[in-house]
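How do helices sit against one another in a protein? Look at the sequence and the structure, then read on.

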Amino acid sequence: MSCELTQRFVPGYLDGELDLVRTIEMETHLKSCAACARELESQQALREALRRGSLAYAAPAGLRVRIQSSLGASTPQETLNAPAHGTRCGSGGGRARSPYL
Ligand SMILES: [Zn+2]
């Protein structure tokens, strides 16, 4: 198996999705090729880091408070700028009249 194929199959190998023949070919190649073995180790390490959540970024503690206060401050303005009740298109129950008719 070539290096290109081996590295293409690494995700499937790690997921146990390869058939027996491909698995044996991969393992044979990995024993004799340091570059592909490093690729396998790299992807294994990445998967493990993702599983542990160590790559997840925790938002600053005050971010939620700032967003909530920002949303709370904007709500009254939105209410003031909203059209008055009954002035929306279609609220009269009939079709909107064209100024050209
Ligand atoms: Zn290789």
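The model shown here is predicted.

**Helix α1 on its own**

Start with α1. The helix has twelve residues, which at 1.5 Å a residue should span 16 Å. Just after α1 comes Gly16, with a positive phi of about 70 degrees.

**Two packing partners**

Two packed helices are described by the angle between their axes and the distance between the axes. Here are both values for two pairs.

| Pair | Angle | Axis distance | Crossing |
|---|---|---|---|
| α1 and α3 | about 25 degrees | 10 Å | right-handed |
| α1 and α2 | about 120 degrees | 11 Å | left-handed |

Take α1 and α3. α1 covers residues 3–14, and α3 covers residues 34–52. Their angle is about 25 degrees, so the two helices are roughly parallel to each other. Which residues of α1 meet α3? They are Cys3, Thr6, Gln7, Val10, Pro11 and Leu14. On the α3 side, the partners are Ala35, Cys36, Glu39, Leu40, Gln43, Gln44 and Arg47. Sorted by class, this contact holds seven nonpolar, four polar and two charged residues.

Now take α1 and α2. Their angle is about 120 degrees, and therefore the pair is oblique. From α1, the residues Thr6, Phe9 and Tyr13 take part. From α2, they meet Arg22, Thr23, Met26, His29 and Leu30. By class, the contact of α1 with α2 has four nonpolar, three polar and one charged residues.

**How confident is the prediction?**

The mean pLDDT of the protein is 80. Of its residues, 72% reach 70 or more. Where is confidence lowest, and where is it highest? Helix α4, residues 63–81, is lowest, at a mean of 74. Helix α2, residues 20–32, is highest, at 95. Over residues 90–94 the pLDDT is below 50. Beyond near neighbours in sequence, that stretch has two contacts in the model.

Note on methods. Residues are numbered from 1 along each chain as its sequence is written. This is a predicted model: local features need pLDDT of at least 70, side-chain atom pairs count only at pLDDT 80 or more; totals for chains, interfaces and linings use all residues. Axes are lines fitted to C-alpha atoms, for helices over the stretch in contact, and angles run from 0 to 180 degrees between N-to-C directions. Helices (H or I, at least four residues) and strands (E, at least two) are DSSP runs, numbered from the N terminus. Angles under 35 degrees count as roughly parallel, over 145 as roughly antiparallel, 65 to 115 as roughly perpendicular and the rest as oblique. A crossing is left-handed if the near helix is turned anticlockwise from the far one by less than a right angle, and right-handed if clockwise. Two residues are in contact if their C-beta atoms, placed from the backbone, lie within 7 Å. Ala, Val, Leu, Ile, Met, Phe, Trp, Tyr, Cys and Pro count as nonpolar, Asp, Glu, Lys and Arg as charged, and the others, Gly among them, as polar. pLDDT is the predictor's confidence in each residue, from 0 to 100. The expected span of a helix is 1.5 Å times one less than its number of residues.
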